[in-house]
Amino acid sequence: VISDDNFATVVAGVEGGRVAYDNVRKVIYLLISTGAAEVVLVSLALFAGLPLPLLAVQLLWLNLVTNGIQDVGLSFEPSEGDVLNRPARPTSEPIFNRLMIERTIVAALVMGCVGFGAFWFMLRAGWTEAAARNAVLLLMVLFENIHIGNCRSETKSALRLSPLRSPILLTGALVALLIHIGTMFTPLGQEVLKVEPVSLTTFVSMWGLARTVFVAMEIHKWTWSLRQRQDA
């Protein structure tokens with residue numbers, strides 16, 4: 001603005017600032033909701049008297065590696081296209097507003113409860129603790145990969161946002177998934193993370209369970225839009 005004294009620069013600066021703020025919210029939402037889901041998962045297992053569904057090193061792997069790659073990609077998410085049509089947000093509005101809190105609670109409960117249900121079912125079906133943990137860890141990685149699509153917009157359906165619009169995010173999600181799958185087949189990964197390859201049936205089953213967070217978030221976005229229109 002100082003260099004060219006051009007009003008168009010002011011408009012571009014406002015748009016850039018709003019996109020940056022949106023991306024900060026998206027990354028925070030992704031990290032907090034997935035972290036809270038892990039807390040729900042472990043807490044439910046403890047209350048039910050079951051073994052730990054995830055080991056400490058597996059929790060670190062989720063938060064520092066797979067999720068760490070994804071949130072970097074999410075921070076480069078381009079503009080949703082309507083940022084300049086929104087009214088200015090109040091300066092006193094916190095990042096954790098009502099929408100963020102609701103979304104975080106819903107996502108965490110869905111991922112945590114589904115993960116716990118899968119772990120409980122596998123143990124009841126005769127799976128060993130190690131095998132059940134291995135599948136639950138894969139499930140949580142798949143949850144992260146699907147949930148990152150939910151995080152791309154607070155109001156728009158993930159079905160309306162092409163993954164090709166954000167090649168960095170798409171690459172990051174694929175790399176995170178491939179890294180985890182790779183560790184399941186390498187001796188070092190198997191030794192450190194206590195993982196092993198899973199059957200195609202197990203992978204497809206975990207993928208199907210992971211899609212529940214997508215359905216839940218789509219329902220919440222739809223109901224939130226209805227409430228906003230009613231309030232207006």
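Mentor: Along the sequence, the protein chain reads α-α-α-α-α-α-α-α, where helices are DSSP runs of H or I of at least four residues, numbered from the N terminus, and strands are runs of E of at least two. This is a predicted model, in which local features need pLDDT of at least 70, side-chain atom pairs count only at pLDDT 80 or more, and totals for chains, interfaces and linings use all residues. Residues are numbered from 1 along each chain as its sequence is written, and side-chain values use heavy atoms, leaving out hydrogens and water.

Trainee: Why is E77 called buried?

Mentor: Buried means under 20% relative accessible area, exposed over 50%, and partly exposed in between, with a 1.4 Å probe and protein chains only. E77 has 2% relative accessibility, so E77 counts as buried. E77 lies in the loop between α2 (56-74) and α3 (98-124).

Trainee: What makes the pair of E77 and S166 a polar contact?

Mentor: A polar contact is a pair of N or O atoms within 3.5 Å; within protein, one must be able to donate a hydrogen and the other to accept it, and residues adjacent in sequence count only if both atoms are side-chain atoms. The side chains of E77 and S166 make such a contact at 3.1 Å.

Trainee: Why is α1 called oblique to α3?

Mentor: The axes, lines fitted to C-alpha atoms over the stretch in contact, with angles from 0 to 180 degrees between N-to-C directions, cross at roughly 40° for α1 (residues 7-47) and α3, and come within 7 Å. Angles under 35 degrees count as roughly parallel, over 145 as roughly antiparallel, 65 to 115 as roughly perpendicular and the rest as oblique. Therefore α1 is oblique to α3.
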